[in-house]
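Here is a short briefing to read alongside the model on your screen. Keep the chains coloured separately, and take the topics in turn.

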Amino acid sequence: MLVPQLINGLTQGSLYALIAIGFVIIFGTMNLVTFAHGEVYMVGAFVGAFAMTLWHLPWFVALAMGMAAAWVLGFLIEKVAFRPLRTAGHMPPLLITIGLSIILKDLAVVLFGAENRPVPSIYEQTVRLAGVQVSVLQLVILGLAGFLFLVLHLLIQGTKIGRAMRATAQDHEAASAMGVNVNRVFSIAFSLASCLGGAAGVMIGIYYNAVYPTMGGTAGLKGFAACIFGGLTSIPGAILGGIIIGVVENLTVQFLASGYRDVVAFLVMVIVLVLRPQGLLGRKLKTV
Amino acid sequence: MPLYDFVPRRDNWYVWLPVLAALLLFPLLVRSEYILNIAVYAGIYIILTSSLNITNGYTGLFSFGHAAFYGIGAYTAAILATRLGLSFWLTLPLAGIVAGVFGAAIALPTLRLTGIFLALVTIGFQEITYLVTLNWISLTRGPMGIPGIPPPAIGGVALSGNLGYYYLILALDVIVLFLLSRIVTSRVGRAFVAIREDELAAQSAGIPTFRMKILSFVIATFFAGIAGAFFAHHARFVSADSFRLDETFVILTMLIVGGMGSLVGPVLGAVLLVVLPEASRFLAEYRGVVYGLILIGVILFRPEGIAGVPGIIQTWGALSREGAPSASEEPAA
Amino acid sequence: MSLLEIQAVSVTFGGLAALKRVSFSLEEGEIVGLIGPNGAGKTTLFNCLSAFQAVSEGHLRFRGVSLETLSPHQVAALGVARTFQTSRIFKRMTVLDHLLVGRHLHQRTGLWAAIARPAWVAREEAEARERALRTLGLFEDRLLPRIHGLADTLSYANRRRLEIARALVAEPRLLLLDEPTAGMNPHESAGIVQLIKKIRDLGITVLLIEHDMKVIMGVSDRIVVLDHGEKIAEGLPEEIRQNEEVLQAYMGRRHGHA
């Protein structure tokens with residue numbers, strides 16, 4: 001029973017990693033934190049779910065739509081929450097994202113009801129891989145996550161906008177002095193992060209065959225935990241953190257009790273914060 | 001005098017005494033159970049926002065786990081009342097003490113952190129508390145919650161109907177606000193504010209800042225526990241789902257809207273945000289949207305809220321872990 | 001035993017030596033000036049003395065007590081007060097409350113006393129208030145009229161004065177002043193010189209970091225000169241004024257610059 005749980009953990013972990021990377025991108029580029037990321041993930045998930053259930057679109061179209069919706073939502077959030085308060089420190093924008101999170105969650109509950117909304121299954125078949133039964137869906141998700149990680153890596157390392165993001169992450173003012181349009185970088189970074197969160201949402205919806213309005217809360221916090229584990233500014237750290245949390249969660253369910261599953265992420269977060277706040281791979285935080 | 005400076009004292013009786021008198025007479029004029037119920041909830045939230053104000057408003061700590069202590073108080077009262085048959089008059093202070101002890105236990109390892117790190121670690125502890133409460137079935141009955149909590153009894157007569165609860169919470173609020181006002185206007189309160197304004201300068205003035213932050217945290221969690229006990233004996237049923245991050249956000253929103261760092265702010269915020277959604281069916285259904293919009297509006301247009309000390313939110317916490325004035329921070333000497 | 005003994009203190013962080021085996025002492029009642037070009041390590045030394053910076057090697061002793069293992073509030077409790085280079089005031093507190101906070105070490109009111117308010121609490125507050133007014137009186141009419149105003153409404157110079165007042169009201173034995181006249185005009189600086197003399201008359205020993213040579217020369221009994229973390233000279237003001245090494249340091253020639 002161990003290996004299937006590991007694969008399960010790997011799959012879920014890779015999706016937590018997608019959420020976590022979003023936080024890293026936002027914090028790394030903008031030095032800010034958002035509490036609305038979970039709700040962006042939820043919106044992406046719902047759009048994907050509706051695409052499949054209402055409009056009967058194939059899953060990859062649903063995925064694209066979910067990601068697009070999340071991108072747009074992220075773009076708007078950055079405009080509303082972060083742009084007008086550029087010089088006000090990091091607390092006012094954070095509080096605004098809390099407000100947005102409350103609004104989005106409540107709207108979803110009122111509009112769609114608090115219960116689980118079913119999402120059709122895809123790729124239910126299993127294959128035998130190296131002596132283990134693996135569901136094709138798990139392979140698809142792992143492949144997709146891996147693909148997104150790769151695309152992100154290429155984007156950040158190899159493109160002009162990626163360089164601009166890295167420069168901005170190092171030092172806003174210096175980047176601006178070198179001609180980087182910092183506002184545009186912030187906007188793209190936030191939208192990109194949201195888009196990845198939306199992808200995670202759609203895939204989680206498909207994996208568990210359900211979406212529900214409050215799914216963003218815990219997922220967002222787990223993403224945060226993974227991000228903190230790896231160091232707020234490290235993408236590989238976030239991926240590692242997500243996977244470790246996913247795997248340990250499943251081992252906990254297997255060997256301890258299923259009710260304590262969610263405790264893993266929070267224990268990780270608390271322990272890392274108390275012992276080594278900059279996480280595994282992050283750089284020491286700068287004073288604001 | 002700015003509203004945030006107002007402290008009820010003997011010499012300004014003409015301000016607060018009429019308000020108190022009105023509150024005493026109010027239920028005799030408005031005999032609606034429904035309205036009195038809202039008033040009781042306002043009273044509970046007044047304690048919650050005022051206690052959160054001690055850490056977040058006066059001391060400048062970024063505590064995001066208040067609902068957990070509210071819940072610990074509620075569950076403590078529920079368990080003591082239903083398992084040991086203790087009366088409200090015992091469960092109330094005991095719930096406060098238990099919540100305060102938990103507060104101290106959590107504060108010790110975490111109050112070295114600041115800003116977003118402190119926020120996250122308090123959220124982490126809050127969620128862990130929730131999950132443990134949900135799973136420790138032998139103690140808390142897990143997801144089934146604890147029903148059958150007896151109402152408080154005065155002179156052997158159990159309260160029934162919201163009239164009794166109203167006067168009880170009113171008395172409790174007066175006592176709590178009186179205690180808090182004594183604390184914040186003293187040397188202790190000044191030390192809290194000094195820590196908020198500049199922790200290093202506070203240390204160099206001889207204030208043991210770590211110890212004081214713990215004290216601030218324990219005071220806040222103690223009163224959150226008291227509010228929880230009252231809630232338990234009023235709702236007569238507790239369930240872990242009522243005490244999660246959502247609830248902390250509600251309390252925090254009330255505090256910010258009312259204003260941090262003053263005695264009056266939290267009271268106004270609690271009353272406003274409890275009463276407002278009840279003003280219309282539409283608003284009640286969209287309570288979350290209303291709260292979120294008001295919070296956003298306040299942050300964008302009047303961050304100090306109705307009666308808060310201006311500027312606290314903008315300088316709330318720093319994104320660093322330590323704050324020593326290193327030689328590199330100051331222009332080289 | 002000297003009031004303050006700095007023995008071979010070194011501070012290294014990240015491979016950079018901010019202080020290298022600096023030694024000197026202060027006797028009670030002295031006013032000692034600490035000067036040196038930018039980056040010499042003067043504020044680092046202050047941070048060590050007030051326990052914000054750990055010492056890598058060496059000893060700091062105040063009235064015979066080692067300071068290296070203490071925390072900042074414990075150092076303050078021994079009788080050391082300081083001001084900061086960029087004045088650290090409590091912006092949203094009134095001037096009076098600033099001084100009452102400065103009195104923290106001389107008061108006893110804790111949580112229970114704050115709630116119960118036995119009679120001695122009111123006496124303690126009255127005494128603190130009276131001391132606060134007396135200390136503010138040292139600044140003539142600059143701060144007293146603004147006693148109920150918020151600190152962030154004060155002018156720059158008044159904020160620096162307020163920081164000094166807050167340090168003074170604690171009745172320290174040793175006062176560390178970090179560039180008290182930074183940003184002040186000559187008239188205001190002269191006022192600070194008078195103030196420091198008044199402080200000495202109160203029996204307080206002063207260690208003063210300054211860039212303004214008029215102030216240093218006008219008020220110091222002795223001067224210690226740091227450059228690149230090392231002590232390069234110590235002596236009477238007239239001696240230092242003519243010291244070749246000191247001149248070279250300020251013109252950047254000691255280490256082969258310019």
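Chains A and C share no contact, and their closest C-alpha atoms lie 13 Å apart. Two pairs of chains are in contact, and of these, chains A and B share the most contacts. Please bear in mind that this is a predicted model.

**Where chain A meets chain B**

- The contact brings together 39 residues of chain A and 41 residues of chain B.
- On the chain A side, the elements giving two or more residues are α4 (91–112), α9 (215–230) and α11 (263–275).
- Of the elements on that side, α4(A) gives the most, with 13 residues.
- By residue type, the side of chain A that touches chain B divides into 28 nonpolar, seven polar and four charged residues.

**A look at α11 of chain A**

- The buried residues of α11(A) are V263(A), V264(A), A265(A), F266(A), V268(A), M269(A), V270(A), V272(A) and L273(A).
- What covers these buried residues of α11(A) comes from both chains, and includes α9 and α10 (235–255) of chain A as well as α5 (115–135) of chain B.

**M269(A) and the nonpolar core**

- Leaving aside residues up to four places away in sequence, M269(A) touches F224(A), A225(A) and I228(A) in its own chain, plus L120(B) and G124(B) across in chain B.
- The largest nonpolar core has 290 residues, and the ones touching the most other members are A17(A), A189(A), A225(A) and M269(A).
- Helix α8 (residues 182–208) of chain A gives the most to this core, with 16 residues.

**Chain B as a whole**

- Chain B is built with 14 helices and four strands.
- Its C-alpha atoms fill a box of roughly 70 × 50 × 40 Å along the principal axes.
- Of the 333 residues of chain B, 58% count as buried.
- Among contacts in chain B between residues at least 6 apart in sequence, 79% join residues at least 24 apart.

Note on methods. Residues are numbered from 1 along each chain as its sequence is written. Chains are lettered from A and ligands numbered from 1 in the order in which they are written. This is a predicted model: local features need pLDDT of at least 70, side-chain atom pairs count only at pLDDT 80 or more; totals for chains, interfaces and linings use all residues. Two residues are in contact if their C-beta atoms, placed from the backbone, lie within 7 Å. Ala, Val, Leu, Ile, Met, Phe, Trp, Tyr, Cys and Pro count as nonpolar, Asp, Glu, Lys and Arg as charged, and the others, Gly among them, as polar. A residue is buried if 20 or more other C-beta atoms lie within 10 Å of its own, exposed if 12 or fewer, and partly exposed in between; C-beta atoms are placed from the backbone. A nonpolar core is a set of buried Ala, Val, Leu, Ile, Met, Phe, Trp, Tyr and Cys residues joined through C-beta atoms within 7 Å.
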